[in-house]
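Keep the picture beside you as you read.

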Amino acid sequence: MIAFAEIGHLALFIALICSLCQAFLPVFPALGKTSYASCIAISRLLQLLATLLVFISFSALIYGFIVSDFSMSLVATYSHSAKPLLYKISGAWGNHEGSLLLWIVILVLFGGIFAVTSTTLPSRFSSLTLSIQASISASFLAFSLFTSSPFERLTVTPLDGRGLNPVLQDIGLALHPPMLYLGYVGLSLAFSMAVAGLIEGKITQQWGQWIRPWALSAWCALTLGIALGSWWAYYELGWGGWWFWDPVENASLMPWLAATALIHSTLVVEKRGQLKSWTILLAILAFSLSLVGTFIVRSGLLTSVHSFASDPSRGVFILCILLLATGLPLLLFAWRGPSLSTKSDAGIISRDTALIVNNIILVMATTIVLIGTFYPLGLEMVTGQRITVGPPYFEASFNPVIAIGLIGMAIAPVTMWKNGLLSHAGASMMVAGGGACLAIAIGGWAGVIENAASIAAIALLGWLGFGVLADMQKRLKFHQLTSIITRANKIDGAIWGLWLGHLGMAIFMLGAIGDGLGRQEQTIRAHPGDVIMVADKQYRFIEMQQNQGPNYTTRTALLGLEDEDGNLLGYMRPETRFYPAERQTTTEAAIRPRLSGDDYAVLADGNDEIGYSLRLYHKPFVSWIWGGAIIMAIGGLIALIMRRPIITATQTS
Amino acid sequence: MMNISTSPRQRRLVIIGLSGAALCLAVWLVTSALRDNIVLFFTPSELTAEHMGAKRLRIGGLVETGSIIISGTNAHFVITDETDTINVSYEGALPDLFRDGQGVITEGRFESDIFIADTVLAKHDENYMPREIADSLKKQGVWQGDKTQ
């Protein structure tokens, strides 16, 4: 038998050595021993070598999971021979050690892509960026090798594995960590470039151009990663919700908010050469928050529905990386930052100012989430009192701040760089205002207006949606369909990104508001034969069934969903699954997704005697939540792909 | 259209003013939201009469064996930390692993002596023990289980 686990371990170790060399390489040209041109050549080589080695290592781990080599401790603990192949593979990152290796894979992947694509950048800047990227890789490689090696062998090989937590045996959760990590780790390059810029002490408008694609791609991946996680929680946890303000969810939201601020502020650097030092600070903070996210999930410091097993020593290690990665750059920033600030020639009403307001709001929102997430921990350490900060806190503090941001999201796009408003600003604002009124009228007609907050939410939805559409109409002129393509082609990718990003936000809001205000639910204990009304549909409880899955048995309720007149719309089969290998039970909600809203049924406890407990929901527009997130990510992607490298200080759009 | 010329100094003042206002707003929102919305956690023996008047509470412990009475969608059960007990009444569907001896966290408020819960949390994992309960049971030496998965 090939000792692939040992090969994987060795590859990881050599990768650590490569990264360490690479991290210290720019010392030589800095001392005048060699030129940056030769330094960058070696840096690139080392980076590509490290990337290759880590990929070999990760393949070895995946291979171990595929062939179910139970002599490997990790495979024995988190896999089982009866598991479907997909979940054997995803099991490789469904645990602490493996997910850390996945993190490193993506880290070196980004480093590798930078090494290959940075040939047009100045060699000193690329050397420094690669050096910082390598020191991050080296820290995490050391973390993996010395505290949580995925390749440990057991002295006694068990007959079978203990299996993966059944809640994690799911397509959404197989894809969620890689996507989220692409986002977290993508921010590492923005971070490395920011620190490299600080070390050089010189930030140009081009720097904004270099950093923007990395910030954008990380933001897209983070958006999709969070959406996947939320979608998973929605259909898998069976609680009917899609966001719980759980510490682990907040951990991914904070870097997202910071990255959102970053993609807006890099635009100001790129187009106007302003906000440089602020953008550097944001890049550092965004990546630090990614590390905080990893720290929260990995350390088990905060209890959460999502966290894996915890081990304090690992938490301490990540905390050290976090302190170094945040502390050193911030010190450097305190020293060099002030010299980077530039005099602004922009007026008060300008896109420059609007984007500063955007950044203030997003940073406020990030801080509010940060405080809500860590306050319980701080309080418990100080007073010993255990508390929970739940959704009501976030609704009372986060939502109002975001609401101000949403008002601005329709105004900022009709401002001009440097000074003033675009010619169609007044018309666009009128349309947005009309949209807000129309939305309130529709809300009132639908009977979902309960209080001031619901009026505000609905008005904002109309304001933003119509505001963006009005801006699009002004430039694309939808009523002249024949020449629309010509006009569309003239529009910059950044503008498409703006439109789709903001429109995606409006669509997301439609889902969130539809579900938040229009949701109907019914919890009932029922016997086969009963008919239950929810919204204007009825559920006919037909019978209970027992089924056999690949590695579980089920208890399934067969429900017939009917419209008011008793016409069958479809069958719903909510079930509870029992996984004998893991000795665990999961709830599988039955969902009938429609654009107009989901029907959602959950089977809970019960038996033939006392009846079965059923939770039945109708959730209007709920799918639009994830649809909106996808549109936002597409917007980011278009801004990334259709970039036009034009830089003029006085560009007006 | 609008073309208000301003000096960089004026603009800087406006931005500093906006940031200051934002900071004040954030501080006010956070402090008022924290004041009104935090939920304290207790085990039955930690609970005092004063706490029982709170708007919302979380109470955690083990489900006392044989205490579960289910009628329709209402469940009545007793939470214990092996020192004291609390009577809980819950309206709704129970989690998969809700059973005798299981560690649970409930959230709700007191109506006289009965805790009216609107949320009952029990994890999917049979071996799982909420951290708060594990801590307090360990303190009393009742339960020594290890939480590692």
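## A paired sheet in chain A

Start with two strands of chain A. E2(A) and E11(A) pair in the antiparallel sense over 7 bridges. Strands here are DSSP runs of E with at least two residues, while helices are runs of H or I with at least four, and both are numbered from the N terminus. Two strands pair if DSSP finds at least two bridges between them. In this pair, A:Glu521 stands opposite A:Tyr617 in E11(A).

This is a predicted model, where local features need pLDDT of at least 70, side-chain atom pairs count only at pLDDT 80 or more, and totals for chains, interfaces and linings use all residues. Residues are numbered from 1 along each chain as its sequence is written, and chains are lettered from A and ligands numbered from 1 in the order in which they are written.

Which strands make up the open sheet? The order is E2-E11-E10-E9 of chain A, 4 strands with antiparallel pairing. E2 and E9 (590-592) of chain A are the edge strands, and each pairs on one side only. From one strand to the next, the twist averages 15 degrees.

## A hairpin

Strands E3 (residues 531-534) and E4 (residues 537-548) of chain A are also antiparallel, with 4 bridges. A:Met533 stands opposite A:Gln538 in E4(A). The two strands form a hairpin with 2 residues between them. In the turn, A:Ala535 has a positive phi of about 55 degrees.

## Helix H6 and its partners

Helix H6 (residues 96-117) of chain A packs against helix H7 (residues 123-147) of chain A at an angle of about 165 degrees, with axes 10 Å apart. Axes are lines fitted to C-alpha atoms, for helices over the stretch in contact, and angles run from 0 to 180 degrees between N-to-C directions. H6(A) and H7(A) are therefore roughly antiparallel to each other. Angles under 35 degrees count as roughly parallel, over 145 as roughly antiparallel, 65 to 115 as roughly perpendicular and the rest as oblique. The residues of this contact divide into 14 nonpolar, 5 polar and no charged. Ala, Val, Leu, Ile, Met, Phe, Trp, Tyr, Cys and Pro count as nonpolar, Asp, Glu, Lys and Arg as charged, and the others, Gly among them, as polar.

H6(A) also meets helix H8 (residues 171-200) of chain A. Their axes come within 9 Å and cross at roughly 45 degrees. H6(A) and H8(A) are therefore oblique to each other. Among the residues in contact are A:Trp103 and A:Phe114 of H6(A) and A:Tyr181 and A:Leu189 of H8(A). The contact has 12 nonpolar, 3 polar and no charged residues.

## Where the chains meet

How many residues does each chain bring to the contact? Chain A gives 52 residues and chain B gives 43 residues. Two residues are in contact if their C-beta atoms, placed from the backbone, lie within 7 Å. The largest share on the side of chain A, 8 residues, comes from H13(A). By class, that side has 26 nonpolar, 19 polar and 7 charged residues.

Strands link the chains too. E1(A) joins strand E1 (residues 38-42) of chain B through 3 bridges, and the two run antiparallel. There, A:Val389 stands opposite B:Ile38 in E1(B).
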